[in-house]
Amino acid sequence: MECDLMETDILESLEDLGYKGPLLDDGTLSQAVSAGATSPEFTKLCAWLVSELRVLCKLEENVQATNSPSEAEEFQLEVSGLLGEMNCPYPSLTSGDVTKSLLVQKNCLLLRTYLISELEAARMLCVNALPKKAQEGGGSEVFRELKGICIALGMSKPPEILAKVPPNHVGKPLLKKSMGPAHWEKVEAIKQVIANEYEVRRKLLIKRLDVTVQSFEKLAKVYQPKRSVLSPKGNISVAHLLAARQDLSKILRKSSGSIREKTACAINKVLMGRVPDREQVCLYVCSLHM
């Protein structure tokens, strides 16, 4: 029972670290550890843990996964060099015949636990160091947040382009309130209602355009290729809400006095006589084609 609980804890730790390999399936991890260095799947797990460690730590040594049991000795030599560089405190892994140490299940269990705990510690240290690095680092607030995310996820350093632009180039987000799951559900529901409404409007406009173009044969030939790419559905998502800046809240009416002073022209003074309703025109044109 105790072994099962320990195995469950190890699997949970691997999932938390982002491991997505085949050893998450029931029983496969125990089988791989029992085979040790002769198991390609066990060596792949070790190689993955080491690759994640090398992202956060300045390690020169590396470990390559094997493809067959015949490569077990070379794998153990690489592990020995790595553990020496990491100052591993377990003599059973660093002393004696290193080409046979990982053929013993107890040592394989110890190596697996040691690499997992070292990776967990390295990630926690990086996360704790983020506030200090953010204070010391230059650039805008957006750049510092992006850099912090990249470090926490073990990604490469982002380009420092934002540091070269003016301070208010990106602007502050329009949405400032902290959102919980219930809030996001409401936002998604509102977004869907608005999307449905605008889809109806887009369909109506496209239908009007279709009816109008049907009256002109030459125009229809040019129109159809362009019409085929028009979609009634929009591509607005919640991500656009998060990307919205404060300047979007400054809405100016096109008919306001300040705007019309710069856009008014002589044609605005021409008065038109009574014209048929647009719906009547559409119905009339449709009747011509029935």
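Visitor: Is Thr-113 buried, partly exposed or exposed?

Guide: Buried means under 20% relative accessible area, exposed over 50%, and partly exposed in between (1.4 Å probe, protein chains only). Thr-113 has a relative accessible area of 36%, so Thr-113 is partly exposed. Bear in mind that this is a predicted model, where local features need pLDDT of at least 70, side-chain atom pairs count only at pLDDT 80 or more, and totals for chains, interfaces and linings use all residues. Residues are numbered from 1 along each chain as its sequence is written, and side-chain values use heavy atoms, with hydrogens and water left out.

Visitor: Where does Thr-113 sit?

Guide: Helices (H or I, at least four residues) and strands (E, at least two) are DSSP runs, numbered from the N terminus. Thr-113 belongs to helix α6, residues 105–136.

Visitor: How many helices and strands does the chain have?

Guide: Twelve helices and zero strands. As for burial, 24% of the chain's 290 residues count as buried.

Visitor: Why does the length of α8 agree with its residue count?

Guide: The expected span of a helix is 1.5 Å times one less than its number of residues. Helix α8 (residues 181–213) has 33 residues and should therefore span 48 Å; its end C-alpha atoms are 47 Å apart, which agrees.

Visitor: Which residues in α8 are buried?

Guide: Val-187, Glu-199, Ile-206, Arg-208, Asp-210, Val-211 and Val-213.
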